[in-house]
Amino acid sequence: MTFGGLLKKGIAALVLLLCFAPPLAAQIEDQLSAYTGANAKGYLQPFSSAFGADLNTGIFRTASIPKMGPKIRLELQIMSVIFGDDDRTFRAVTERGFTPKTYANAPTVVGSGKALMVEAADSTAFFFPGGFDLNSFALAAPQLRVGGVFGTEVILRYFALNIGGSDDSSGTELGNISLFGIGLKHSISQYLPPLFPVNLSAGFFWQTFSLGENKEGDKLISSKTLSIGVQASKKMAMFFEPYAGVSYDTHSMSVSYESKASDTPIDIDVDFEKESSMHLTLGLMLEFPVVKGFAEYNIAGQNSFALGLGFGI
Amino acid sequence: MKAALRKTGFLLFLFGLIQVAGGCIMEDRVIELVVNETTCVDFLEDHDTVLYGNSGTVNYADKINEILDENGVSRDKIVSARLVSASYGVTELDPAHDDWIITGSITVEWEDASAPGVIIEGPATLWEYTDVSISAALGKKIPATLNRAGVEILNKALADFIAGGVRGNPVLTFRVVNTGVGPHSPNSGEPIQFAWKGCIVVDIVTETDVEVPDPF
């Protein structure tokens, strides 16, 4: 395969990852419809944490920013979390008038695809819906980095796509996927002695992300994140630049769906409490003249990693 | 040499990226979806005796087929269908009349759809109601304490439908068997008149094939 062919395939993979998220969201609404609020929150919790971790990954990277000089780079990246066993079940409680009220470890959205049954002495039974048996949850994001003016660069993430159509199984509109993020990164190194051993920078990044469309035509999943942090990096060889960063992340998510758990469908809004966590990033940048590659691992409330390419100067 | 090394390093990195990103983004999964159906049977009571009966019939084959159509799945994708709970409540009563207190039971029987009148199983008590105040039950959804024998008839009928309707479609007849009325017996001059409904909730589990993004 030629270099160009590889590149095209890589970009196609990134676009696919973005495009297949809305169908998943539509299917999630079908699964959720069997639940009212409390169970829905537990069912989706790993998804909420993964969203936050993915979105707060792959933002800052290296700390080197030219004080005055052009830096324009289009980046394409995949951010992903790997789910652990703890993410696969949650403590759920029976609904729909089932007696006696029974607690069980039911599958979360990333758990086993098998529904879990609990049975009462009178032969009635209650089923908790299955999950999607996911090992990972990945998002892809195009990102533009423009600098450096007074040692500062602007970071932008944007993607919007209306999938349209409908999910075959439910008739649910697949809806939109929309991502917008903006932030600044400022060089601290410019204020330090030239012989300081590493480059240092500080920055913040704010994002809003929405996915899918519920039966009312509203956003199925909405998410907001903020990351504030400092970064350090050092060019070690001709084209290797290891980097590390510490940041403080916040993430909030809300889900609006139609529950059919009672006689008449009702609209349910589930708001996940704002999650905050410290975040350590360890990564390696490969700096080629026009093309850059990077890989990083992030230790936070939910660990994540990112891989990507950048094109530009 | 340096240029060649650079290019090789970059291509290796890119190859790794594409293998994880491009090769296996979408994975096939079979997931079990839970759909619940609430079915209510209305009973209009107008009697001048204590011992009265009334009935309503539900063809669960039609109900389940509607659900399957709505969700775009076929009957062979049903994994299980079971009764979850039941409730009852009064929907209408004569406000001019004093309260009535009723006692009795709701029974269920499974009729052979292909041979009307032929009962496959039942009747058996689904739930009993004891000293229920009609006015207090107006607009309420009173949870029913279910009886295992009645629940099993319903569950067997549903299981038979899932298995292909070996013993006929799940046509179920729910009967009111009233055995007591207070504070005094109704009579032709003062009949007991009210409307009520019994509702049962059934969970239906279906298998669905989905493709999910799971690249790692």
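Chat on a predicted two-chain model

Q: Where does α2(B) lie, and at what angle does it run to β2(B)?
A: In this predicted model, α2(B) lies across β2 and β7 of chain B, and its direction makes about 40° with that of β2(B).

Q: And α3 of chain B, what does that touch in the sheet?
A: Helix α3(B), residues 148-162, packs on the sheet and touches β4 (101-112), β5 and β7 of chain B. Its direction is at about 140° to that of β5(B).

Q: What's the strand order in that sheet?
A: The order is β2-β7-β4-β5 in chain B, an open sheet of 4 strands with antiparallel pairing.

Q: Which strands stand at the edges, and why?
A: They are β2 (52-59) and β5 (119-133) of chain B. Each has a single partner strand, so one side of each has no neighbour in the sheet.

Q: How much twist?
A: From one strand to the next the twist averages 20°.

Q: How many bridges join β2(B) to β7(B)?
A: There are 8, and the two strands run antiparallel. Within β7(B), N178(B) is the residue that stands opposite Y52(B).

Q: Back to the helices. How long is α2(B)?
A: Helix α2(B) covers residues 60-71, which is 12 residues. From first C-alpha to last it reaches 16 Å, close to the 16 Å expected at 1.5 Å a residue.

Q: What follows α2(B)?
A: G72(B), with a positive phi near 65°.

Q: Which residues of α3(B) are buried?
A: They are G150(B), V151(B), I153(B), L154(B), N155(B), A157(B), L158(B) and F161(B).

Q: What do those pack against?
A: The buried residues of α3(B) pack against α2, β3 (78-93), β4, β5, β7 and β8 of chain B.

Q: Switching to V171(B). Where is it?
A: V171(B) is in strand β7 of chain B, which covers residues 170-182.

Q: Buried or exposed?
A: V171(B) is buried: 21 other C-beta atoms lie within 10 Å, and the cut-off for buried is 20 or more.

Q: What is V171(B) in contact with?
A: Setting aside neighbours within four places in sequence, V171(B) contacts T57(B), N59(B), E111(B) and A113(B).

Q: How far is V171(B) from D42(B)?
A: Their C-alpha atoms are separated by 16 Å, and the two residues are 129 residues apart along the chain.

Q: Now the largest nonpolar core. Which residues touch the most other members?
A: L154(B), A157(B), L172(B) and V202(B) do, in a core of 98 residues.

Q: Which strand gives the most to this core?
A: Strand β8 of chain B, residues 192-213, gives the most, with 10 residues.

Q: Why does the core lie between domain 1 and domain 2 of chain A?
A: Domain 1 (3-83 + 136-312) and domain 2 (84-134) of chain A both give residues to this core, so the core lies between them.

Q: What other core lies apart from it?
A: One of 5 residues, including A63(A), M285(A), L286(A) and F294(A).

Q: Going back to V202(B), what are its contacts?
A: Beyond its neighbours within four places in sequence, V202(B) is in contact with N36(B), E37(B), A81(B), R82(B), L83(B), V84(B) and L158(B).

Q: On to chain A: how is it divided?
A: Chain A is divided into domain 1 (3-83 + 136-312) and domain 2 (84-134). The contact between them takes 17 residues from domain 1 and 14 residues from domain 2.

Q: Which elements supply the domain 1 side?
A: α2 (21-32), α3 (37-55) and β6 (136-149) of chain A each supply at least two residues. The largest share comes from α3(A), with 8 residues.

Terms used:
Residues numbered from 1 in each chain as written. Chains lettered and ligands numbered in written order. Predicted model: local features only at pLDDT ≥ 70, side-chain atom pairs only at ≥ 80, totals over all residues. Expected span 1.5 Å × (residues − 1). Buried ≥ 20, exposed ≤ 12 C-beta atoms within 10 Å, placed from the backbone. Contact = placed C-beta atoms within 7 Å. Core = buried A, V, L, I, M, F, W, Y, C linked by C-beta atoms within 7 Å. Domains from an automatic or database assignment. Pairing = 2+ DSSP bridges. Axes fitted to C-alpha atoms, helices over the stretch in contact; angles between N-to-C directions.
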